[in-house]
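Student: I have a structure open and I'd like to learn how to read it. Could you walk me through it one feature at a time?

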Amino acid sequence: EDQVTQSPEALRLQEGESSSLNCSYTVSGLRGLFWYRQDPGKGPEFLFTLYSAGEEKEKERLKATLTKKESFLHITAPKPEDSATYLCAVRLTTDSWGKLQFGAGTQVVVTP
Amino acid sequence: DAGVIQSPRHEVTEMGQEVTLRCKPISGHDYLFWYRQTMMRGLELLIYFNNNVPIDDSGMPEDRFSAKMPNASFSTLKIQPSEPRDSAVYFCASSRTLTEAFFGQGTRLTVV
């Protein structure tokens, strides 16, 4: 059975304290892995798409990496505005092209 | 562009009533998605359209749910009859390339 698991469920960081979020997947075939952030009361906001193992993408304090079994979202020197829930999603070869399966998310709180 | 526009933002209805959620995608986006988010099940794709045609409705929970896209600038998700377990936040999203999707603010549905 295809599975997407995010860890930890919640993460509390001091401003400037770097950390990583994990998205592990057990799937039959991966077309792409996506990262979104979601603020309370809002819809998810796209961050990155990764397609193959070894690929990396960066945006400001965020860096996403992909291996054959998992993806990491590294947050370097976070600021309070990085507080959000971070969702990863997978697009499978067995699904239609527009379908994404989301993990449960990691809730990140960055305190000043 | 104003982004993806959903209405209403909040809906409270009684069990058995018909509920219609509305979405206006970003102009020029050929893909439109309907998602549902709950604490228990996370963010799930219900159905998506390409050029107003439904492509994958495998996530629609049952026949009580139906979605239409009569033109490129409007879509509806209807629940008839509604049940308490339908209570969730429903998101509409649109995309031009399937690389990234832009989500609306969501409709919080409460069925009592």
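Student: Let me start with charged side chains. With which side chain does Asp86(B) meet in a salt bridge?

Tutor: Before the case itself, keep in mind that this is a predicted model. Here's the general idea: side chains of opposite charge can pair when their charged atoms come close. In this structure, Asp86(B) meets Arg64(B), with 2.7 Å from N to O.

Student: Where in the chain do Asp86(B) and Arg64(B) sit?

Tutor: They link distant parts of the chain, 22 residues apart. Asp86(B) is in the loop between E8 and E9 of chain B, and Arg64(B) is in the loop between E6 and strand E7 (65–71).

Student: Are the two partners buried or exposed?

Tutor: Asp86(B) is buried, because its relative accessible area is 2%, under the 20% cut-off. Arg64(B) also counts as buried, at 10%.

Student: Which residues are linked with them in a network of salt bridges?

Tutor: The network joins Glu62(B), Arg64(B), Glu83(B), Arg85(B) and Asp86(B). Take Arg85(B) and Glu83(B), whose closest N and O atoms are 2.6 Å apart. Arg85(B) is exposed at 55% relative accessibility, while Glu83(B) is partly exposed at 23%.

Student: What about chain A? Which residue forms a salt bridge with Arg37(A)?

Tutor: That's Asp39(A), with the closest N and O atoms 2.7 Å apart. Arg37(A) is buried at 14% relative accessibility, and Asp39(A) is partly exposed at 22%. Over all chains, the count comes to 12 salt bridges.

Student: Now the cysteines. How many disulfides does the structure hold?

Tutor: The general idea is that a disulfide is a covalent bond between the sulfur atoms of two cysteines. This structure holds 2 of them over all chains. One is formed by Cys23(A) and Cys88(A), with their sulfur atoms 2.0 Å apart. Cys23(A) lies in strand E3 (residues 19–26) of chain A and Cys88(A) in strand E9 (residues 84–92), so the link ties together parts that are 65 residues apart in sequence. Cys23(A) is buried, at 0% relative accessible area, and Cys88(A) is buried at 0% too.

Student: And which residues form the disulfide in chain B?

Tutor: Cys23(B) and Cys92(B), with sulfur atoms 1.9 Å apart. Here strand E3 (residues 19–24) of chain B holds Cys23(B) and strand E9 (residues 88–95) holds Cys92(B), so parts 69 residues apart in sequence are tied together. Cys23(B) is buried at 1% relative accessibility, and Cys92(B) is buried at 0%.

Student: Is each link right-handed or left-handed?

Tutor: Look at the torsion about the S-S bond. For Cys23(A) and Cys88(A) the value is 65°, and that link is right-handed. For Cys23(B) and Cys92(B) the torsion is about -65°, so that disulfide is left-handed.

Student: Let's move to where the chains meet. How many residues of each chain are in contact?

Tutor: 17 residues of chain B touch 18 residues of chain A. Together the two chains bury about 1400 Å², with 51% of that on carbon and sulfur atoms. Leu43(B), Leu98(B) and Thr99(B) supply 31% of the area that chain B buries against chain A, more than any other three residues.

Student: What kinds of pairs are counted between the two chains?

Tutor: There are 0 salt bridges between chain B and chain A, but 8 residue pairs in polar contact. On the side of chain B that touches chain A, the residues divide into 9 nonpolar, 5 polar and 3 charged.

Student: Last one, the backbone. Which peptide bonds are cis?

Tutor: One runs from Ser7(A) to Pro8(A), with omega near -10°. Pro8(A) is in the loop between strand E1 (3–7) and strand E2 (10–14) of chain A. Another joins Gln80(B) and Pro81(B), with omega about -5°. Pro81(B) is in the loop between strand E8 (74–79) and E9 of chain B.

Conventions
Residues numbered from 1 in each chain as written. Chains lettered and ligands numbered in written order. Predicted model: local features only at pLDDT ≥ 70, side-chain atom pairs only at ≥ 80, totals over all residues. Heavy atoms only, no water. Disulfide = S-S within 2.5 Å. Helix = DSSP H or I, 4+ residues; strand = E, 2+ residues; numbered from the N terminus. Buried < 20%, exposed > 50% of the residue type's maximum accessible area, 1.4 Å probe, protein only. Contact = heavy atoms within 4.5 Å. Buried area = accessible area lost by both parts, 1.4 Å probe. Salt bridge = Lys/Arg side-chain N within 4 Å of Asp/Glu carboxyl O. Polar contact = N/O pair within 3.5 Å; in protein donor to acceptor, adjacent residues only side chain to side chain. Nonpolar A, V, L, I, M, F, W, Y, C, P; charged D, E, K, R; others polar.
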